[in-house]
Each structure stands twice: as C-alpha cells, then as structure tokens.
Amino acid sequence: MRLATLLSAIVVVHCGLEVRIEPSGGYTVLVNGGQWLASGKTEFHEGGAWSSPEPIVHNPTQGADTLGSYNETTIAFTTNSYTVNGSIRQYNTRDLVSFTTHFITGMEQSNSSTSSNTTSSRFPVFKLNPVVGLNLGCLAWGGDFTNNNDEGPAIGPWPQVTSTGRSGGPHVIFNTATKDAIVLSHGSQFMAQSFESVDGSIASGVNGGVVSIPANFSVTTIISYSDTGVNNAATSWGAALLKLHGKTTVHRDSDPILKVLGYNTDHGAYYYYHPERNMTMGETVLAVYKQAQEQQIPYKYILLDSWWYFKGTQGGVTNWTAMPSVFPPGGNAALKDFTQRTGWMVIGHNRFWDHGTSYSVDNGGRFRFSDDGSEHYVVPLTQDFWDFLLTGGKEWGLTTYEQDWLFTEFNGVPYLQRSATMARDWLMQMGSAAADNGLTIQYCMPYARHVLQSVEIPVVTQVRTSGDYVPSNNEAPPNWNIGGSSILAHAVALAPFKDSFWTSTCEPGGSCGASLIPDVWRAAAIATLSNGPVTPADGVQYMNKPLIMRACMADGTLLRPSRPATYLDSYIYKRAGGTGPEGHVWSTYSTVDAERYDVVLSMVTAEYNLKPSELTLDRTVGVTGKSVFYSRNTTSFQGLVAVVLDPATGVIPLKAVPTSNDFDLVYIAPVKGNGWALLGELAKWVPVSAQRIASVAANGDSLSATVKGAPREEVVLTFYKTHPIEVHCTLPSTGHTVISSNGDCH
C-alpha cells in the first residue's frame, strides 16, 4: 500500500518544446507540458478550389540532420489529382520542431482565386485561441523594413497580434510571467511562403499568387523554444536557421564597411539629388571629401545613392553606370577615377530594373529579363547578368552592393510572385556573383522574407532596419526606432542599419528643405549602438566633428558594442500586458577580457527602477557581480554620475525623459577584486569597446587597461574606486599602450 501510494504521487514533468500528434492527424504544441498551440484545418488549393483530404498518419521514424536527431511523423494527404506529404519532426533536444509540406505531385493554381497576400497550401495551421491560464504575448515582425513604417514590430497579447500576408514575418510568442518563448517562422523557401490569417487560425504555406507548384517542391515551417526570454529566443532560433542553411557570421564580422566611419547621400541626406550651387553631384561629393580631410573627419567610404546612374521614365534602372552629367566623362572609368582620388570604399546603391533596360535582349542587350511586355519593372533571369554587373562594380571600386527597393520589386514584378522559385533564384544569383567578386551585400526596403532569405546567402551582411532619415523642421524622423527590427537582423547574422543622420541641429539649404532637427544626438547614438554602418549625411559647412567622433577613433575605426542594442525583454512584456517600463528601454554590451560592460538606452516616460536581473541579453541571468553604473548628459557629455551597485539589492533608477526627443544612456562596469572599475572613454557613445580596450587588469591597488588606437591619438580613460579619475594619454607611433589608474601611460 505504501509503495502504491508513493508511485501514485510521481508526476511526469514534460520540459521544453513538444508536439503531440493525434491518430486523426491533429497536433498540439506544448511548452513544459502545457498547450500553447492547437492545430486547425489543413487545406490545399488547386484548379480554383480548396480541398481538405482525409489525413493518413504513418508510424514515426527516427533520423538525423544538421540540427540533430529527431523523431518524424508523416501525414499523407491524397486526392485523385494530387499527393502531398506533411511531416513533423520533433528534435530530441526538445527545443525545435519542424513542419514540412512536400508536394509529391505538382499542383496548378487559379490566379483568380488566390493572391500573393494569401496562401495556396495550409500546413501547419494553428487556431488563434487564447490559452486559458496563461498571459501570452506576441512580437511579430512585418511591414516595410520589417519595422511597420518605423513603429517597430507589432507587440501585444497573443493571439490578437499576428503578422501575415506578403509583408508578414516571424512571430515570437512568449509568457509575460516567465521567460518561456517560442518562435514561429518559415524555415525554407522564404520567398515562396507566407502566413495567412483565415477562419480564426494562422496558416503557413505557399504564396497564393504562385501559379504552379512543381513536383517534389517542399516548404518548411519551424518552431523554436527558449526559456531565457524574447531576445534570447530569437537568437537561438536564428542560430538554428543559420545552421540549417550553412551560414556563419564570418562575412559579417569581416565586412570592412562595418568597421569604419562612412558618409551617406541617401534620401534625406543634405546632398540627395541636390548638389552644391554651380557644382555637379560628382564635384559635390569631392568637396565633401576635401572638407573631411581638412577637418580630419576620417570617413573611409561613401554610400552613393541612386543619383549617379541611368534611369527610365518609370524610375527603374536602365544602365548601372555613371552618367556623364554626374561623373564626367561617365561610365565605370569615371567611378574608378573617383574611388582612386578619394581612396574611399563605396556602397553602391541600386534599385529595380526598368523594362527598357539596355542590358535586356529585348532592347538590344545581352541578357534575359522577365519582361513580358506589360511590366514596368523587370528582373534578370540568369546568373551571367549578375556576374557581368558585379565584376564591373568590383573593377571600379565597389565594396558593398546595396539592393534597394526590395519590396517594391517583389510587389511590382508579377513573375516574382507567380513563380515558386524565381524570387529565390534572383537573390541567390546576386549573392553568388557578389561572393565571386569578394563583395558584400546590403538589403534595403526588405520584407521579412528577404531578411530570412539571407540565411542562404553568406555575403549578405547588412540590412536596413528603418525607413529613410528625412528631416523636417522641428520634427525628428521616426527612423530611430530600430530596437525591435534589430532583434530579427541580429538573429540571422545581419548588421542592422539605421540609415543616415545629420550632426548639426540647423542645416538650411539641404535636399529636404528642412533646416532644424532636434534629435541629432539620439540619431548618432543609435547609429553607433546598432553595430551597423555609421554614416553622417551633412552639408560640408555643417559637419559637427565632436559629435561625429563620439562614434570612432581618430582613424575612423568604429567603437562598437559586441552586438546591436535591442528592446529590453521587460519593455516587450509591458507592451504585451505584463510588467515593465513605460517607454523605450534597450540594452547591449561590450565584452572585454571575458567581462561584460552593459549599455542601457532609456527613453522612459515615467521613472523606472531597472533591476540588474533584467539585463539578460545573451545570458540566462542578469548582472550578478558588484558593479558601477554611471551616466552623463547625452548632449553635453558633462555631469558624470557614478554609483556602486549591489546586484542583489540595488536597482538602476531610470529617469523620465523631458521630451520625446530626449534619451539617457546608462553604463554598467564590473568592479574588480581590488575595488577598481574601468568606466572607459566617456567622450564616446561606447566608452568600453573591444576595438579600443584589449584587456583590463587589476594590479595591487590600481587598474590598468591595454589600449589600441591611431598613432598619436589622444585617449582619455576614466577609472573609478571611490571617485572618478581621468587619465590622459597620447598613444605612441605603434598605436598601443597601457594606461593605469595611477596616471601611468607607457
């Protein structure tokens, strides 16, 4: 009796992610034994009609792939006209499940019955029902730039928040009371899949506009699980996606554009289609170069936007070479002359192709394009075109190819939506040519599908995560809000790009007609904290060197955190009905000598006491050791406040910002065993960075830092024990020295 009583008290605890499959073909997704998602109706569209065949569930099998070992259940769907297999893989790590739709036979669609904002196959399908007893929230990426017109990803209670259609994207579904979170996303054929909200469910499947699904075509949807919060769930999901498709961070980490300061001529820049009086645009950017040299502002590259190449009546590109009116005498030779005279690397902008492009065989050119006579925009169809174009770019000095107007091209070229494979082929061919020429690629104006497609293209290293920076009088452009879109970019090994920014509050006479802009400091800070390109866009007379140099060393090397600043988890929880700060709080960090130096960006509208345990980015627990938190005025950089923090009992008070354009930066530095902490270069946005600080060592009753920089550069480090101590040092010709809290510099 006692044994029976003991056995009856044993409870089986199901940890992690699990999918249960019923004999009927239904399935449920459980997290730690509790149901989060339940299946809806599986359907397929063919020949103008929907059908839902009776599922046949096969016995599970075992296997392994690049993600590990798994159990797989196949569910067959068969009619007189088609056979489709759905498979569900449960990985033994209990943190990943995949759903694959494999079209054994081909399937024909009726364009009149479906659209690219819908799906033509629906597997998996999950009911959009609230989960009783759980306060689930959702963060979903979607819209232009994956950032919903700079409002950021949709955040709110689940299932009220979804992101569907051609501009939809991945969903992070999370428990606002715990750190449990799952990511629901496409796992393959990203350009040919969408989510659709239908009949009270969310369905994943082939885009509804696809006319013909070829035989043996497959699409995959994945669900990834983490018990360490929203940011970390996205990172672990991205790691699985990258591993599945064989991409690493090598190209991003070695991209030269991401290491140094640049100059921008994009929409909103002072000189966007707007040269200095009595100058061409080519002469104007040379004047920028000369002024930067005179002021010793170390720009190392320039983003040449669309003003330099030939365009047709519909705005598309007809020939991607320099116009003689811009860079005389025109052509690639003129661009090569410009890059040789300046020594600058180039991000070369490109947009959609005009149906009248001179490269097309239909217009006397050498290459096949998608023009059927009815389209304003076209795409090249073959690899040899991209090989030709980017080989030429490499010869004139191109470093990064920027493919802009991505969602415009996807929406405006019907062939990209009608074909199951062409949109992917288009981007893969571009990537192959860039790789062969040692170039990197920046995606601009992407949907989430473009961002996800980059996991198959190693040389895509950068992505615009905001709309254009277009100043207007006394109004700050909203494109600073990249803390949510940067979560997605970073997860798939892309550097997020905030776009250009002004560095003077008053710049009359520029391209957009505005003269006053109130938030240049915030724009500059976020650009640096993004870990993406940092590109001021001032007129020659308005370059604010002190503000510009907060981002970099004297030689232009960027002083960056170890990863992009992103929304704090507790800020996301608050938006979804949980607890957290009122107003934006983001975080990032630098790792130096295996220790973390945290950075908090705050725009709270009500005072908030930030707990050290909330700083869980890329770790399971927050700040655990004795630390110093400190801050300065973010515009004047005066008034240092530093306080020793006991992580067990202390909090970091975040003050409400006085206006919508204001922000605060709070830094957290570890205290060494002898009581000293390195606060770093307080004149920089990132005072302690791996680019500047090679190591930090406690020596008796002092602290020393091994420092890197430009020869003869002046570096000022601040140390702290009971009060701050500044040490000034001029670096030797080697650019390396050791600076100590006792004042030594050697």
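Start by selecting Ser695: its bridge partner is Thr706, in β43. This is a predicted model.

β42 covers residues 693-699, and β43 covers residues 702-708. The two run antiparallel, and 6 bridges join them.

You now have an open sheet of 3 strands, in the order β42-β43-β46, with antiparallel pairing. Look for the twist: from one strand to the next it averages 20°.

Next, select helix α12, residues 520-529. Is this helix enclosed or open? It is largely enclosed by the rest of the structure, because 9 of its 10 residues are buried. Among the buried ones are Val520, Arg522, Ile526 and Leu529.

What covers the buried residues of α12? Show α13 (545-548), β34 (583-592), β35 (595-604) and β40 (664-670), which are included in the cover. Then step just past the end of α12 to Asn531, where phi is positive, about 70°.

Last stop: Asn216. Find this residue in the loop between β20 (212-213) and β21 (217-226). Asn216 is exposed, because its relative accessible area of 55% lies over the 50% cut-off.

Show its surroundings. Setting aside neighbours within four places in sequence, Asn216 is in contact with His102, Phe103 and Ile104. Zoom in on His102: its side chain makes a polar contact with the side chain of Asn216, at 3.5 Å. Finally, draw a line from the C-alpha of Asn216 to the C-alpha of Phe407. These atoms are separated by 28 Å, and the residues lie 191 apart along the chain.

Terms used:
Residues are numbered from 1 along each chain as its sequence is written. This is a predicted model: local features need pLDDT of at least 70, side-chain atom pairs count only at pLDDT 80 or more; totals for chains, interfaces and linings use all residues. Side-chain values use heavy atoms; hydrogens and water are left out. Two strands pair if DSSP finds at least two bridges between them. Helices (H or I, at least four residues) and strands (E, at least two) are DSSP runs, numbered from the N terminus. Axes are lines fitted to C-alpha atoms, for helices over the stretch in contact, and angles run from 0 to 180 degrees between N-to-C directions. Buried means under 20% relative accessible area, exposed over 50%, partly exposed in between (1.4 Å probe, protein chains only). Contact means heavy atoms within 4.5 Å. A polar contact is a pair of N or O atoms within 3.5 Å; within protein, one must be able to donate a hydrogen and the other to accept it, and residues adjacent in sequence count only if both atoms are side-chain atoms.
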